[in-house]
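The model is shown first, then my entries.

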Amino acid sequence: MSDTADTQDAAGRRAAIVEQIRAETGIDEAMIARLVDGFYDRVRADRLLGPVFADRISDWGPHLEQMRMFWSSVALMSGVYHGRPMPKHLPLPVDARHFDRWLELFEATAHDLCPPAAAAHFIERARRIAESLELGIAGANGVLLAKGERYLRPTEAWAPVD
């Protein structure tokens with residue numbers, strides 16, 4: 001088989017998968033945009049997550065567009081996102097508490113804005129993403145997590161101010 005035929009065959013398989021997911025969940029690009037925009041509205045207003053993002057993102061337009069492409073690739077297997085999320089997340093001052101809150105906000109947004117099948121589809125993938133990022137960040141900080149363990153950043157002990 002030629003490279004051109006292989007490429008066309010792969011494109012055909014991808015298109016079939018995308019259509020199957022769309023048919024089963026109702027997910028389309030408009031739903032992804034609503035989910036991403038609604039989720040990040042909540043993130044920006046959140047006391048725990050908001051400052052992490054505010055310290056790094058001043059122009060939300062490009063970030064939201066990247067996240068729409070990311071979620072299109074994750075949820076629909078569209079292949080439109082070509083970034084590398086892990087290196088961008090490794091330096092962030094986050095741990096299990098942040099990922100738990102991220103998932104809490106994401107799940108609430110998905111349930112509020114998506115039909116049940118779509119919400120379940122998004123949430124299942126979000127849980128995998130959060131777990132992967134938490135493992136990567138732990139490893140980058142010299143912590144090897146065993147199955148079921150969570151990564152908590154060391155915190156400074158409270159001491160009274162003189």
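My entries on helix packing and pockets follow.

**Basis.** I worked from a predicted model, in which local features need pLDDT of at least 70 and side-chain atom pairs count only at pLDDT 80 or more, while totals for chains, interfaces and linings use all residues. Residues are numbered from 1 along each chain as its sequence is written, and side-chain values use heavy atoms, with hydrogens and water left out.

**α6 and α7.** I looked up helix α6 (residues 96–113) against helix α7 (residues 116–140): they pack at about 170 degrees with their axes 10 Å apart. Helices here are DSSP runs (H or I, at least four residues), numbered from the N terminus. Axes are lines fitted to C-alpha atoms over the stretch in contact, and angles run from 0 to 180 degrees between N-to-C directions. The angle therefore makes α6 roughly antiparallel to α7 (over 145 degrees). For the contact (heavy atoms within 4.5 Å), I noted Phe99, Trp102 and Phe106 among the α6 residues, and Phe122, Ile123 and Leu133 among those of α7. The contact residues divide into 13 nonpolar, one polar and three charged. Ala, Val, Leu, Ile, Met, Phe, Trp, Tyr, Cys and Pro count as nonpolar, Asp, Glu, Lys and Arg as charged, and the others, Gly among them, as polar.

**α2 and α4.** The axes of helix α2 (residues 29–45) and α4 come within 9 Å and cross at roughly 130 degrees. The two are therefore oblique to each other. I list Ile32, Val36 and Tyr40 among the α2 residues in contact, and His63, Met67 and Trp71 among those of α4. By class, this contact has nine nonpolar, two polar and four charged residues.

**Largest pocket.** I take a pocket as an open set of points on a 1 Å grid over the protein atoms alone, where a 1.4 Å probe fits, with protein on both sides within 12 Å along at least five of seven lines; lining residues have an atom within 4 Å of a point. The largest has 22 lining residues, with Tyr40, Phe53, His63, His89 and Leu92 nearest its centre. Tyr40 and His63 also belong to the contact of α2 with α4. α4 gives the most to the lining, five residues. I counted 16 nonpolar, four polar and two charged residues in the lining.

**Second largest pocket.** Of its 14 lining residues, Glu131, Glu134, Leu135, Glu149 and Arg150 are closest to the centre. The largest share, five residues, comes from α7. The lining divides into six nonpolar, one polar and seven charged.

Terms used
Angles under 35 degrees count as roughly parallel, over 145 as roughly antiparallel, 65 to 115 as roughly perpendicular and the rest as oblique.
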